[in-house]
Amino acid sequence: MRKMDFTYIVLILLLWSCKEEAKEKIDFPEESSVVDYVNPFIGTDGPGNTYPGATLPFGMVQLSPDIGIPGWDRIAGYYYKDAIISGFSHTHLTGTGAGDLYDILVMPTNSRFSERIKENNYKPFSKYNHNKEDASPGYYTVDLLDYDIKAELTATNRVGIHRYTFPEDAATAIHVDLEYAINWDDPTDTYIEKVNDSTLQGYRMSTGWAKDQRIYFVIQFSKPFRRYSVFKDDNPTTLPVRGKKTRIVLQYTTTEGEQIVLKTGISTASFEGAQQSISKETSNFDFDTYKKKAKAIWENELNKIKITTSDKDKKSIFYTMMYQSMLAPTLLSDPNGDYKGANDTIVNAKGFDRYDTFSLWDTFRAAHPLYTIIQPKRVPDMIRSLLAHYKETGILPVWSMQGNETNMMIGYHAVPVIVDAYFKGFTFDIEQAYNACKESAMVNDRQIDIYKDLGYIPVDEHHENWSVSKTMEYAYDDWCIAMFAKDLGKEEDYKYFMNRSENWKNLYNDKRSWLQPKNIEGNFIEPFVPKEYTPYFCESNAWQYYWFVPQDIDGLIKKTGGAVRFTQKLDSMFSYYPESTDKLPIFSTGMIGQYAHGNEPSHHVAYLYNYVNRPSKTQELTRKILEEQYKNEPNGHCGNEDCGQMSSWYIFSALGLYPVNPAQGVYLFSSPLFESTEIELPEQKVFKIKAKNLSDKNKYINRIILNGEPYEKLFIRHKTIMNGGLLEFEMSDIPNDSVFMNFKLPELNKIY
């Protein structure tokens, strides 16, 4: 979860508001396609920070409306409670706390309205309301009320397609604004030139969270423009124009109901790449055809998991989570393979699609394991993309986007993603992958040099030292490398990294039974209050990070004092609520006691009861989280969606599965949410999950049957799922922990 590190911008409340009651959820007819259940507005209010605009699965273009006003709530450019739109830009981040992108803003206007306000930097805008707005996968539409213009958006992988329906007006205009920027984004060099009377091309170079962002574009218009006005730093000029702040206003005369379609191809490499995007992915200006294609693509992807339920809200939430799980990572390479590399050169991806926007601190936990099931064709390209970053920079990415390393967050969590893919049999350069993992863990950056020397990260004067969290996350990643080394016969490396994987113990205070920060002399820092949010823990407190030892949960249980004491501490985690006087940071949301579902370090914790023979508590808690922390409404996420992690948690947990150790190749069981689920697998295989006697009260697992045989385990292997078959849960309203006393959980020092 990304969080602002600058002073929040104080916003002036807008004078306008929607007269109609806000659309809180989608109601469906009896017969509808899966796409129709997706509600792209989930997360556009509250802390979700999602966008409602048009995109394809993992697409390069995210064409979405922009309010035009900065601030935490508008990180994705749009905020459901606002009442104006300032245009439609082509790139957006999904569910993060990072205010970046918003490239190439387009806004249609006419003579009917000319008001400007300071809050959106005096840009053109229009009021809108939600009764004249709609969104579905690959499509967004809104009426710009002040102009009586209907805006519609759709997309291919690399092309944003607009359709504007105008009233009669002799002063219709389409603004293409390269200076538009909010939050962290700042243009550094922009350029516009006229190719012909229906084509513009240019570029927008910018800095922000990612320091060297490059977007080349070609825009084709279905109607030639005869007149235009060009501006540089708000001063009139001529084409071609280059500067930090440039924009062009294309002028038209339109008749009542006249439509103009725009196609914007983008590239991080060149004008040629942007033109290729248009040429390869579009052949005409038939907006409805592209809209139908986008819907068909999404329908195919969403149908990879079919659920049976009579609860339409749950169905809408599930398929919206499926949708949001596929909004990142995003395409970076052109049709010919060119892209802006992390070494700031133009690189070519030979034989694979290069992806970026890897929110790895979040997505290694559940999103990438989910992709190994429902995106098996894309996983090898994602791994090759991580390895391309390594080839370009010498280390694996930490949090990369737009061909840049942002160095946001901690750990080297490309490692578990790669190791998981390796053990699940995906094809890529294994030796290069191993070297990338090892070398990324041996650099002297990000305090890894100190970690190697001391066996932990000591506290220092840095504002976000995050010493305990770094130690714990490095230790987990080291375990992953150890498993990789062992399987490749690299015994010396195996022993070295296995030893490093136990470094979390160096911060364990046995007297207090807490993982606690130390100074460089090896002394525990006092005073120490576990519930306080301090620089020692990354976006969390000691309660939330205590449980992050997925490579050695048995060791953590022993350190805690055994199964009984471990269970008591878990109980306290979910019952010890913050007091009214406690100062909670912005990322402490979705609270159940000290558990914060709105932030990723808590995501596996409810499943830990399985390790102490109390699976009924896992079943209670996961059902509670599923039903209380996700809603079919704009304020439907309890925290940042974070590039697919929040949604992937929901998908796995609704199936009754979760990868507590994301690289181990097993999924622990919990209470499924649906009566029946079918997962589409390669080679026309299907894995079915059925929950007999399921109801709101019958949330406890009484018996498990796999392929017709009693199944005496509380986990299932990835390989078993991928072979296809039938998993049956017999549900009850009575907790049945005694039934599972003899069930064996996976050995914690191996990968399956």
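Met 205 stands opposite Arg 214 of strand E13. The two strands involved, E12 (residues 199-207) and E13 (residues 213-221), pair in the antiparallel sense over eight bridges. All of this is read from a predicted model.

E12 and E13 belong to an open sheet of nine strands, in the order E6-E7-E8-E9-E18-E13-E12-E11-E16, with antiparallel pairing. Strand E6 (133-136) and strand E16 (241-243) each have a single partner strand, so one side of each has no neighbour in the sheet, and these two stand at the edges. From one strand to the next the twist averages 15°. Helix H1 (residues 271-281) packs on this sheet, where H1 touches strand E9 (159-166), strand E11 (186-196), E12, E13 and strand E18 (258-267). The direction of H1 makes about 45° with that of E13. Helix H2 also packs on the sheet, touching strand E7 (139-144), strand E8 (149-155), E9 and E18. Its direction makes about 50° with that of E8.

H2 has a helical partner as well. Two packed helices are described by the angle between their axes and the distance between the axes. The axes of H2 (residues 287-302) and H3 (residues 312-324) come within 10 Å and cross at roughly 110°. That angle makes H2 roughly perpendicular to H3, because angles of 65 to 115 degrees count as such. In the contact, Trp 298, Glu 301 and Leu 302 of H2 meet Tyr 319, Met 322 and Tyr 323 of H3. By class, five of the residues in this contact are nonpolar, none is polar and one is charged.

E19 pairs with strand E32 (residues 676-680) in the antiparallel sense over four bridges, and Lys 306 stands opposite Glu 678 in E32. E32 is in turn joined by five bridges to strand E33 (residues 686-692), and these two strands run antiparallel. Here Ser 676 stands opposite Lys 690 in E33. The hairpin of E32 and E33 has five residues between the strands, and within the hairpin Glu 683 takes a positive phi near 60°.

Some further backbone values deserve a look. Most residues other than glycine have a negative phi, and most peptide bonds are trans. Asn 121, in the loop between strand E4 (105-109) and strand E5 (126-127), has a positive phi of about 60° although it is not a glycine. Asn 407 likewise has a positive phi, near 55°, and lies in the loop between strand E25 (404-405) and helix H7 (414-423). A cis peptide bond joins Leu 239 and Pro 240, with omega about -5°; Pro 240 is in the loop between strand E15 (235-237) and E16. Another cis peptide bond joins Glu 526 and Pro 527, with omega also about -5°. Pro 527 is found in the loop between strand E27 (514-515) and helix H12 (542-545).

The chain as a whole contains 17 helices and 37 strands. Its C-alpha trace spans about 80 × 60 × 55 Å along the principal axes. A compact globule of 752 residues would have a radius of gyration near 27 Å, and the 26 Å of the chain agrees with this.

Confidence is the last point. The pLDDT of the chain averages 94, and 95% of the residues score at least 70. Over residues 2-24, however, the pLDDT is below 50, although this stretch has 66 contacts in the model beyond near neighbours in sequence. Where pLDDT is low, the predicted coordinates should not be read in detail.

Technical notes
Residues are numbered from 1 along each chain as its sequence is written. This is a predicted model: local features need pLDDT of at least 70, side-chain atom pairs count only at pLDDT 80 or more; totals for chains, interfaces and linings use all residues. Side-chain values use heavy atoms; hydrogens and water are left out. Axes are lines fitted to C-alpha atoms, for helices over the stretch in contact, and angles run from 0 to 180 degrees between N-to-C directions. Angles under 35 degrees count as roughly parallel, over 145 as roughly antiparallel, 65 to 115 as roughly perpendicular and the rest as oblique. Contact means heavy atoms within 4.5 Å. Ala, Val, Leu, Ile, Met, Phe, Trp, Tyr, Cys and Pro count as nonpolar, Asp, Glu, Lys and Arg as charged, and the others, Gly among them, as polar. pLDDT is the predictor's confidence in each residue, from 0 to 100. Two strands pair if DSSP finds at least two bridges between them. The radius of gyration is taken over C-alpha atoms; the globule rule is 2.2 Å times the number of residues to the power 0.38.
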